[in-house]
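Visitor: Can you walk me through this one? I'll ask as I go.
Guide: Go ahead.

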Amino acid sequence: MILVTGGARSGKSSHAERLIAEQCEQVLYIATAQVTDAEMAARIERHKQERPAHWRTWEGHQNLGSVIRQHRQPQEGVILECVTTLIANLLFDLSGGRSPDELDFASLEVSIHHQIDDLVDASVMCPAPVCLVTNELGMGITPENRLARHFVDIAGRVNQKLARAAKEVWFLVSGIEVKIK
C-alpha cells in the first residue's frame, strides 16, 4: 500500500497516477467524490478526462475494501482518490442530517474506522499496488466550528493509521514529491 498526502492542489493525484502507471498498465480508479453542484460536476469531469481512457473507474465511498477484493481485475493496480472525501461522505451519511450539536463524534469515528480498517486490510493483502490519496489537513489553523474541528481530527487519525500501514508514504508540496517512508 502506498499513501500519497499533501495539501489541496499540491500534485497528489498526478503523482499517484504516475506511481501506479509505472507499475501497472491497467488501473482500477476508485473515485469517492460525489456530484453536489455544477462546479463539482465539472471538477469530476476534468479528473476523468485527465486519466487514461483504458483505466476503469468505480465511483462510491462505501465498503471500498470489498470493492478492491471483488472488483479489481487480476492485472489492475488501484488508485483511491481521495480518502479525505471518503471520510467527509461517510461522516455525512452517518450523521443522518442531524446538527453537529446532536452528533456523537466518538461513535461516528468508530464507524468510519471500521470502514478504513477494512480498506487497509484489502489494500495490504492486494497482490497489485494500491495507492491511496489523502489530504494533509493538520498544517493549518484549528477550524472555528465544531463539525470542522472533528472532521480534521478524524481525518488526522485516519491518515496516521494509513501511514503506519503503508509501505511507502509520499508528501507533496507545490508539485514536489518527497518520499517520507
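Visitor: What is the strand order in the open sheet?
Guide: The order is β3-β2-β4-β5-β1-β6-β7, seven strands with mixed pairing. Strands are DSSP runs of E, at least two residues, and helices are runs of H or I, at least four residues, both numbered from the N terminus. Two strands pair if DSSP finds at least two bridges between them. This is a predicted model, where local features need pLDDT of at least 70 and side-chain atom pairs count only at pLDDT 80 or more, while totals for chains, interfaces and linings use all residues. Residues are numbered from 1 along each chain as its sequence is written, and side-chain values use heavy atoms, with hydrogens and water left out.

Visitor: Which strands stand at the edges?
Guide: β3 (56-59) and β7 (176-179). Each has a single partner strand, so one side of each lacks a neighbour in the sheet.

Visitor: And the twist, what does it average from one strand to the next?
Guide: 20°. Angles run from 0 to 180 degrees between N-to-C directions, and axes are lines fitted to C-alpha atoms, for helices over the stretch in contact.

Visitor: Is β1 mostly covered or mostly uncovered?
Guide: Mostly covered: β1 spans residues 2-6, and five of its five residues are buried. Buried means under 20% relative accessible area, exposed over 50%, and partly exposed in between (1.4 Å probe, protein chains only). I2, V4 and G6 are on one face, L3 and T5 on the other.

Visitor: How many bridges join β1 to β5?
Guide: Five, and the two strands run parallel. I2 stands opposite C131 in β5. β1 also pairs in the parallel sense with β6 (residues 168-173), over five bridges, and there T5 has F171 as its bridge partner.

Visitor: Switching to helices. At what angle do α4 and α5 pack?
Guide: About 135°, with the axes of α4 (residues 83-95) and α5 (residues 105-125) 10 Å apart. They are therefore oblique to each other; angles under 35 degrees count as roughly parallel, over 145 as roughly antiparallel, 65 to 115 as roughly perpendicular and the rest as oblique.

Visitor: Which residues of α4 meet α5?
Guide: L86, I87, L90, L91, L94 and S95, meeting L108, S111, I112, Q115, I116 and L119 in α5. Contact means heavy atoms within 4.5 Å.

Visitor: Last one: is E50 buried or exposed?
Guide: E50 counts as exposed because its relative accessibility is 53%. E50 is in helix α2 (residues 38-50).
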